[in-house]
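The following note sets out, point by point, what can be read from the model under review.

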Amino acid sequence: MTSDKAGIALLAEIFVKKGMEHIVISPGSRNAPVILSFAQHPQIKALSIIDERSAAFFALGMAQQSKQTVAITCTSGSAALNYAPAIAEAYYQKIPLLVLTADRPQELIDQGDGQTIRQQNVYANYIKKSFELPENIDSEKDFENAVQIINEAINLTQYPVAGPVHINMPFTEPIYEQVAVHDFKPKVINPEPLNKKPGKEEFQIFVKTWNKSSKKLLIAGMMDYQPDLQKVLKEITNDETVMMLSETTSNTNGGCSCNCIDKTVSTISENEIDDFCPDLLVTFGGHVISKMVKAFLRKNKPAAHWHIDLENYKMNTYQCLTNGIQMSPLNFFEELLPTIKKAKGTFKEDWQNRSIRSEERHTIFLSDCEYSDLKVFETLLENLPEESNLHLGNSTPVRYVQLFIPGRKFIYNSNRGVSGIDGTVSTAAGAAFVNHKPTTIITGDLGFLYDSNALMNHHLKENLRIIIINNAGGGIFRFIPGPDKTGELEEFFEAKHTWNAKYIAKNFDVPYYSCRDLDELKKTLPLFYKQMPNNRPAILEVFTPNDKNAEILRSYFIYLKD
Ligand SMILES: Cc1ncc(C[n+]2csc(CCOP(=O)(O)OP(=O)(O)O)c2C)c(N)n1
Ligand SMILES: [Mg+2]
């Protein structure tokens, strides 16, 4: 059976024909036609998740791992607004979500009807496009129109680059009527591939600039592991004048780069700037976590900066962009490679030597470091299972992990699109649902408590592990300069508390472990990663001293520089 609303039944058919299979449904009445057409469809896997904010982040985690468009649907009103944080994250992280919001008919908006808001284009600033889908199909013209809207919406979630797309659907009552089938043959329209390339002459200018630059710095932002790109980058960086900086979330551990940017950049003194500052900067991938490298390059601007991206090629992170190149990084570097000349110089060696020195100092500091967030991260990263999918909560977890060389075939993810603390556990839960690998989220305590509805979910998998670094509040605010100079640090920035996750875990039947020192942590980790009874996920809460963490991290950076 399917909804009698032909528009929505058609949407479910085309969704399947285009190879999509997952929808996350949050309960409601107005979205009944979507529930009836999708949940009953034999080729669609429908999951029920109650809290729309968490549901949307869960879908984001699924789509992030599978690369397939995942649909989400909710009822009208504030339910739709609760999707907003995950949609913004999907937009900036380029993750394909199809957002299906149910609505009242236009004439009932602002007329005192229950659960209504102005929903047309409600995600205006962070959505690739918004559509309104008519519920009924009364003519051939209506059919063509609906087919066009549905195909375009689904195509746009993937092409030319992925992202969220919204379809708002006003439904008139009755909304629970069903039919066995609709008599239509849905048509699939495939998108035109986008193959943008600069002209030959323009490319020659890039080649010339590259070949005459003696200090070329590549920075890889957040992206998926791409073996083909790694290969080309390895060739490109096999040159004394080319250095590449990357982060864990760049997933480009090609052995040819400095992967701990802050650890190296923080040691560069004023009189060394010339040695480390490039004359050509080439960036690609999404957001970069390191604030230090942004500050360094904004202050010491290279003569040329190229940013390579199919969509956001004009992104001027370092405030010195000279060329936005609308290509995929792989295509760009593949074209560049045969045309460039390798050169002699010390640029790469200077960066590498500094990176090695920082690594040595890092090891010495940690060998004698008190129990703290920093020391806990060292222990965790040494003990996570091989080939983990590692999710990093915003705030200090994602920053601490940047201080350790990316390891042991981890794939790193973090919601750095908009860096919210509001959905990281749900995202990891969604990722674990589709990827079947050990999936660990390391989150702060506030991040966990904020998103604790991630546990109000029937689809938590046995491969999910949640590690909470409980430093009694937002530890980041004790580290960054500013809040510590005010009288509001504890109450309003750190938001200090004495809460823990024990009873939240109990309530949702998730096995719970806790530790307060390193020995306990080392003993607990093997137990924590064992299979749990009833194939449940598990939570490990690690309590750390909030008064010492920031102080230790500051001493660490001073020691690196000394
Ligand atoms: C939705 C949202 N609200 C507020 C913030 C601002 N913010 C950034 S970090 C942070 C504190 C996070 O604390 P916790 O999760 O305990 O991490 P810690 O700083 O201790 O590592 C806050 C409130 C944010 N990033 N996202
Ligand atoms: Mg905290």
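A polar contact is here a pair of N or O atoms within 3.5 Å. The model discussed is a predicted one.

1. Ligand 1 and the backbone. A backbone N or O atom of Leu-446 is 3.0 Å from an oxygen atom of ligand 1. For Gly-447, a polar backbone atom lies 2.8 Å from an oxygen atom of the ligand. Gly-475 likewise places a backbone N or O atom 2.7 Å from an oxygen atom of ligand 1.

2. Surroundings of ligand 1. In total, 18 residues surround ligand 1. The closest are Ser-395, Thr-396, Gly-447, Gly-473 and Gly-475.

3. Asp-445 belongs to helix H17 (residues 445-450), whereas Asn-471 sits in the loop between strand S18 (464-470) and helix H18 (476-479), so the pair ties together parts that are 26 residues apart in sequence. Asp-445 and Asn-471 are both buried.

4. The sheet that includes S18. An open sheet of 6 strands runs in the order S16-S15-S17-S18-S20-S19, and its pairing is parallel. Its edges are strand S16 (411-414) and strand S19 (512-515), each of which pairs on one side only. Neighbouring strands of this sheet are turned by 20 degrees against each other on average, direction ignored.

5. Helix H16 (residues 424-435) lies across strand S15 (389-392), strand S17 (439-444) and S18. Relative to S17, helix H16 runs at about 180 degrees.

6. Strand S5. Is strand S5 (residues 97-103) enclosed or open to the outside? Of its 7 residues, 7 are buried, so S5 is largely enclosed by the rest of the structure. Both faces are covered: Leu-97, Val-99, Thr-101 and Asp-103 are buried on one side, and Leu-98, Leu-100 and Ala-102 on the other.

7. Neighbours of S5. Strand S4 (residues 70-74) is joined to S5 by 5 bridges, and the two run parallel. Strand S7 (residues 164-170) also pairs with S5 in the parallel sense, over 7 bridges. Leu-100 takes part in both pairings: Leu-100 is the bridge partner of Thr-73, and the partner of Leu-100 in S7 is Ile-167.

8. A further open sheet. Another 6 strands form an open sheet in the order S11-S10-S9-S12-S13-S14, with parallel pairing. Strand S11 (257-258) and strand S14 (323-325) are the edge strands, each pairing on one side only. Strand S13 (residues 304-308) is joined to S14 by 3 bridges, and His-307 stands opposite Gly-324 in S14. Helix H13 (residues 347-367) lies across strand S9 (216-220), strand S10 (242-246) and S11, at about 40 degrees to S10.

9. Cis peptide bonds. Most residues other than glycine have a negative phi, and most peptide bonds are trans. The bond from Tyr-159 to Pro-160 is cis, with omega near -10 degrees; Pro-160 lies in the loop between helix H6 (140-158) and S7. The bond from Glu-173 to Pro-174 is also cis, with omega near 5 degrees, and Pro-174 is found in the loop between S7 and strand S8 (178-179).

10. Positive phi values. Asp-110, a residue other than glycine, has a positive phi near 65 degrees. Asp-110 is placed in the loop between S5 and strand S6 (129-132) and is partly exposed, with a relative accessible area of 48%. Asn-534 also has a positive phi, near 60 degrees. Asn-534 lies in the loop between helix H21 (518-528) and strand S20 (538-543), and is exposed, with a relative accessible area of 69%.

Methods: Residues are numbered from 1 along each chain as its sequence is written. Chains are lettered from A and ligands numbered from 1 in the order in which they are written. This is a predicted model: local features need pLDDT of at least 70, side-chain atom pairs count only at pLDDT 80 or more; totals for chains, interfaces and linings use all residues. Side-chain values use heavy atoms; hydrogens and water are left out. Helices (H or I, at least four residues) and strands (E, at least two) are DSSP runs, numbered from the N terminus. Buried means under 20% relative accessible area, exposed over 50%, partly exposed in between (1.4 Å probe, protein chains only). Two strands pair if DSSP finds at least two bridges between them. Contact means heavy atoms within 4.5 Å. Axes are lines fitted to C-alpha atoms, for helices over the stretch in contact, and angles run from 0 to 180 degrees between N-to-C directions. A residue is near a molecule or strand if one of its heavy atoms lies within 4 Å of it. A polar contact is a pair of N or O atoms within 3.5 Å; within protein, one must be able to donate a hydrogen and the other to accept it, and residues adjacent in sequence count only if both atoms are side-chain atoms.
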